[in-house]
Amino acid sequence: MSEKRGRKPESKPDPLDEVPAVPHPPKPRPARLGVAAALVAAEGAALVALGLYLLVMGLLGSPDRPEQAEMGGITLIALGVLPLVAANGLRLRRSWSRGPAVITQLMALPVAYTLLTTEGGFSIPGGIALAVVAVVSMVLLLNPAVVDALGIKRGPRGA
């Protein structure tokens, strides 16, 4: 019995000791992933900026319906957060971030079409720019090098 009292209880290995200090994979980040993150972040920043503009104009300006301008501004700011969070996730190589980024591009395409078919000063150039950014971002996000860099497992056909 004295032998058991003198022994120290065996300690279990700490699972945190096995986690590498650097969370990134050892491979360098593909340039395509950086460009996709920058484009998605630019879309998010544009949405937030437009939302802030509408919010300020609704509060300080003289729109026909101030409550509509304010609600539109709040909505655009909330919508702008999604691509900004996704862009940060892409920058940090988080696999979950590709989904919100792709959804943002899918939502941008109908908006670009609407801008292209609307008469107005900046509607057509804005629609062209938005369509180009959405299509380029989508192509980059679906690129196999980006998929691999994010650690997304592909099915048996893509492996």
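In which kind of crossing, left-handed or right-handed, does H2 pass H5? The close-up views below come from a predicted model, and the first view takes up this question.

**View 1. Helix H2 against helix H5.** H2 passes H5 in a left-handed crossing. H2 covers residues 31-60 and H5 covers residues 123-141. Their axes lie 9 Å apart, and the two helices pack at an angle of about 145 degrees. On the H2 side, the contact is made by Arg-32, Val-35, Ala-36, Leu-39 and Glu-43. On the H5 side, the residues are Leu-130, Val-133, Ala-134, Val-136, Ser-137, Leu-140 and Leu-141. Sorted by class, this contact holds 9 nonpolar residues, 1 polar residue and 2 charged residues.

**View 2. Leu-39 and its partners.** Leu-39 is part of helix H2. Apart from neighbours within four places in sequence, Leu-39 is in contact with Val-133, Val-136, Ser-137 and Leu-140. Leu-39 and Leu-140 are 101 residues apart in sequence, yet their C-alpha atoms are 9.9 Å apart in space.

**View 3. Helix H4 against helix H5.** Two packed helices are described by the angle between their axes and by the distance between those axes. For H4 and H5, the axes come within 8 Å and cross at roughly 155 degrees. Angles over 145 degrees count as roughly antiparallel, so H4 and H5 are roughly antiparallel to each other. The crossing of H4 and H5 is left-handed. By class, their contact has 18 nonpolar, 5 polar and 1 charged residues.

**View 4. The largest pocket.** The space in the largest pocket comes to about 440 Å³. This pocket is lined by 16 residues, and those closest to its centre are Glu-43, Leu-47, Ala-108, Val-111 and Leu-130. Which helices each supply at least two residues of the lining? They are H2, H3 (66-91), H4 (98-116) and H5. The largest share of the lining, 6 residues, comes from H2. By class, the lining has 14 nonpolar residues, 1 polar residue and 1 charged residue.

Terms used
Residues are numbered from 1 along each chain as its sequence is written. This is a predicted model: local features need pLDDT of at least 70, side-chain atom pairs count only at pLDDT 80 or more; totals for chains, interfaces and linings use all residues. Side-chain values use heavy atoms; hydrogens and water are left out. Axes are lines fitted to C-alpha atoms, for helices over the stretch in contact, and angles run from 0 to 180 degrees between N-to-C directions. Helices (H or I, at least four residues) and strands (E, at least two) are DSSP runs, numbered from the N terminus. A crossing is left-handed if the near helix is turned anticlockwise from the far one by less than a right angle, and right-handed if clockwise. Contact means heavy atoms within 4.5 Å. Ala, Val, Leu, Ile, Met, Phe, Trp, Tyr, Cys and Pro count as nonpolar, Asp, Glu, Lys and Arg as charged, and the others, Gly among them, as polar. On a 1 Å grid over the protein atoms alone, a cavity is a set of points where a 1.4 Å probe fits but cannot get out, and a pocket is an open set with protein on both sides within 12 Å along at least five of seven lines; lining residues have an atom within 4 Å of a point. Grid points are joined across faces, edges and corners, and a volume is the space filled by probe spheres set on the points. Angles under 35 degrees count as roughly parallel, over 145 as roughly antiparallel, 65 to 115 as roughly perpendicular and the rest as oblique.
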